[in-house]
Protein chains: 2
Amino acid sequence: MDVMEAIKHRRSIRRYKSIDVPDHLLKELLEAARWAPSWANTQCWRFVVVRDEDVKKKLSQTLSERNPARPAMVEAPVVLVACAELRRAGYYKGEPRTDKGDWFMFDVALALQNLTLAAHSLGLGTVHVGAFDAKRAGQIVGVPDGIAVVELMPVGYPAEGPKPPPRKELVTFVYHDRYGHPLNEEG
Amino acid sequence: MDVMEAIKHRRSIRRYKSIDVPDHLLKELLEAARWAPSWANTQCWRFVVVRDEDVKKKLSQTLSERNPARPAMVEAPVVLVACAELRRAGYYKGEPRTDKGDWFMFDVALALQNLTLAAHSLGLGTVHVGAFDAKRAGQIVGVPDGIAVVELMPVGYPAEGPKPPPRKELVTFVYHDRYGHPLNEEG
């Protein structure tokens with residue numbers, strides 16, 4: 001699938017068919033994550049691929065009951081627990097290099113965006129789930145000290161085709177040479 | 001260009017040809033960023049498109065002299081200053097929703113990964129520059145309070161074709177149902 005087509009037509013999927021995701025497709029998704037760029041090539045991302053029904057159910061309980069993605073944790077055949085090794089991205093000789101501190105959120109997001117685009121191109125759906133009890137999720141999958149749980153991401157065949165949520169127009173968030181100056185006044 | 005091809009063949013480009021980037025291609029890149037998913041569709045990303053030679057030169061001086069991307073800030077016809085509106089991503093009713101606090105780094109990275117893949121598919125090069133004086137860069141482009149400068153990203157036609165830095169093997173960062181359990185022992 002074409003890059004721009006994948007970017008524009010990927011949607012967040014919260015309903016899944018009860019069809020398994022073959023291992024070779026799952027590997028392709030993880031391969032996509034693997035090729036993301038990262039801070040000084042530190043590759044801080046880590047993934048736990050959860051297929052076990054009991055573990056998925058426990059993970060679903062780390063989401064609030066109001067979270068529309070909660071049923072997806074059980075419905076989807078696979079839930080990825082996206083983790084990060086801390087104090088790698090954004091660090092130089094053990095000290096944070098910038099005012100942002102640890103860049104793990106940035107680098108894990110790069111990997112996950114690759115993964116979601118690859119998934120869409122293979123006919124698979126995903127959704128970013130950031131609102132959950134990350135500490136409890138970490139206990140469920142046995143994450144050690146020094147590793148943060150960032151997101152839960154169901155992966156499976158979509159059972160819905162949601163409309164795209166509206167996006168801001170470019171003129172409202174793109175400026176020209178200086179913040180606040182509209183783009184292309186002269187072009 | 002195919003999604004997986006773009007993901008695997010995109011490289012970080014630090015040498016650029018002195019050829020301008022047409023406005024319609026630049027718009028396509030920003031359009032790619034626009035379609036990234038974001039926390040509750042908050043779309044906190046903001047971009048300053050810098051073409052002004054003097055502004056690019058000043059921005060280059062926010063990088064240390066050892067930074068291999070420093071010359072690219074002047075050489076590339078365009079430098080994007082990727083910014084974020086704070087206290088939007090990861091927030092609910094004005095309060096952080098998770099232990100990660102503000103998710104702006106995560107959401108800006110999603111948008112930038114779309115942008116870099118779109119750039120590669122259009123024959124353009126980019127590189128993530130995170131190690132620079134973000135406060136000074138913000139002053140240079142007039143970023144107001146409540147907006148963070150996240151990255152500088154040169155955009156232009158590549159004058160180099162660097163080899164891919166090595167990536168960790170999947171078995172070293174992908175686990176099965178529990179952190180530390182190798183993937184696919186049984187498959």
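Colleague: So how much area do chain B and chain A bury between them?

Modeller: Bear in mind that this is a predicted model. In it, chain B and chain A bury about 7500 Å² between them, and 61% of that is on carbon and sulfur atoms.

Colleague: And how many residues does the contact take from each chain?

Modeller: 82 from chain B and 82 from chain A.

Colleague: What about salt bridges, how many does the rule find across the interface?

Modeller: Two across the interface of chain B and chain A. In one salt bridge, A:Glu169 pairs with B:Arg34, and their closest N and O atoms are 3.6 Å apart.

Colleague: Which element gives the largest share of chain B's side?

Modeller: That's H5(B), with 12 residues. By class, the side of chain B that touches chain A has 46 nonpolar, 15 polar and 21 charged residues.

Colleague: Switching to the inside of chain A: at what angle do helices H2 and H5 pack?

Modeller: About 145°, with the axes of H2 (residues 23-34) and H5 (residues 104-121) of chain A 7 Å apart. The crossing of H2(A) and H5(A) is right-handed.

Colleague: Which residues meet there?

Modeller: From H2(A) you have A:Leu29, A:Leu30, A:Ala32 and A:Ala33, and they meet A:Ala111, A:Asn114, A:Leu115, A:Ala118 and A:Ala119 of H5(A). The residues of that contact divide into eight nonpolar, one polar and no charged.

Definitions and conventions:
Residues numbered from 1 in each chain as written. Chains lettered and ligands numbered in written order. Predicted model: local features only at pLDDT ≥ 70, side-chain atom pairs only at ≥ 80, totals over all residues. Heavy atoms only, no water. Axes fitted to C-alpha atoms, helices over the stretch in contact; angles between N-to-C directions. Helix = DSSP H or I, 4+ residues; strand = E, 2+ residues; numbered from the N terminus. Left-handed = near helix turned anticlockwise from the far one by under 90°. Contact = heavy atoms within 4.5 Å. Nonpolar A, V, L, I, M, F, W, Y, C, P; charged D, E, K, R; others polar. Buried area = accessible area lost by both parts, 1.4 Å probe. Salt bridge = Lys/Arg side-chain N within 4 Å of Asp/Glu carboxyl O.
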